[in-house]
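Trainee: I am new to this structure. Please take a close look at one part of it, the pocket, and at the helices around it.

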Amino acid sequence: MDVIALVGRILFVFVFFGSAIGHFTQTGAMAGYAASKGVPAAKIVTLGTGALQIVGALMLLLGVWADLGALLLVIFLLPTAFLMHPFWKETDPQAKQMAMTQFSKDLSLAGAALLFFGLYAGAGSELGLTVTGPLF
């Protein structure tokens, strides 16, 4: 089971590393999109959320306070779903469908991150292949 937990962590965090790279390599475009959604200080927020994703994903991946890492990802995902992908505000059917897909993805990932949080906060280092035990 230790190896399965590790593989699950690797597969789960993959998407956050890709997203974070975009936050740092395409900051202007991503900040522009965030600003169009009403996010204040969009460039700073874009860089901050990129850092939040990297830190949370690394913590979960390496098993360094994996529970905290998972919680950081939830803190990123929930506001992102509601602020960046409000499908209920879209009038164009195609834009509405794309926003709904992204909203659903963010909520699903937040649910999975909460599950990781619960598993690592509860079972902690018993899941194995972690650097530290849980913080909580």
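Mentor: The model is a predicted one. Its largest pocket has a volume of about 560 Å³. There are 25 lining residues, and those closest to the centre of this pocket are His 23, Met 30, Phe 76, Thr 80 and Met 84. By class, the lining consists of 15 nonpolar, 8 polar and 2 charged residues. Five helices, α1, α2 (27-36), α3, α4 (66-84) and α5 (93-122), each give at least two residues to the lining. The largest share, 7 residues, is supplied by α4.

The axes of α1 (residues 2-25) and α3 (residues 42-62) lie 8 Å apart, at an angle of about 160 degrees. Angles over 145 degrees count as roughly antiparallel, so α1 is roughly antiparallel to α3. The crossing of α1 past α3 is left-handed. On the α1 side, the residues in contact include Phe 12, Phe 16, Phe 17 and His 23; on the α3 side, they include Leu 47, Gly 50, Ile 54 and Leu 61. Counted over both helices, the contact has 16 nonpolar residues, 6 polar and 1 charged.

How values were computed:
Residues are numbered from 1 along each chain as its sequence is written. This is a predicted model: local features need pLDDT of at least 70, side-chain atom pairs count only at pLDDT 80 or more; totals for chains, interfaces and linings use all residues. Side-chain values use heavy atoms; hydrogens and water are left out. Axes are lines fitted to C-alpha atoms, for helices over the stretch in contact, and angles run from 0 to 180 degrees between N-to-C directions. Helices (H or I, at least four residues) and strands (E, at least two) are DSSP runs, numbered from the N terminus. Angles under 35 degrees count as roughly parallel, over 145 as roughly antiparallel, 65 to 115 as roughly perpendicular and the rest as oblique. A crossing is left-handed if the near helix is turned anticlockwise from the far one by less than a right angle, and right-handed if clockwise. Contact means heavy atoms within 4.5 Å. Ala, Val, Leu, Ile, Met, Phe, Trp, Tyr, Cys and Pro count as nonpolar, Asp, Glu, Lys and Arg as charged, and the others, Gly among them, as polar. On a 1 Å grid over the protein atoms alone, a cavity is a set of points where a 1.4 Å probe fits but cannot get out, and a pocket is an open set with protein on both sides within 12 Å along at least five of seven lines; lining residues have an atom within 4 Å of a point. Grid points are joined across faces, edges and corners, and a volume is the space filled by probe spheres set on the points.
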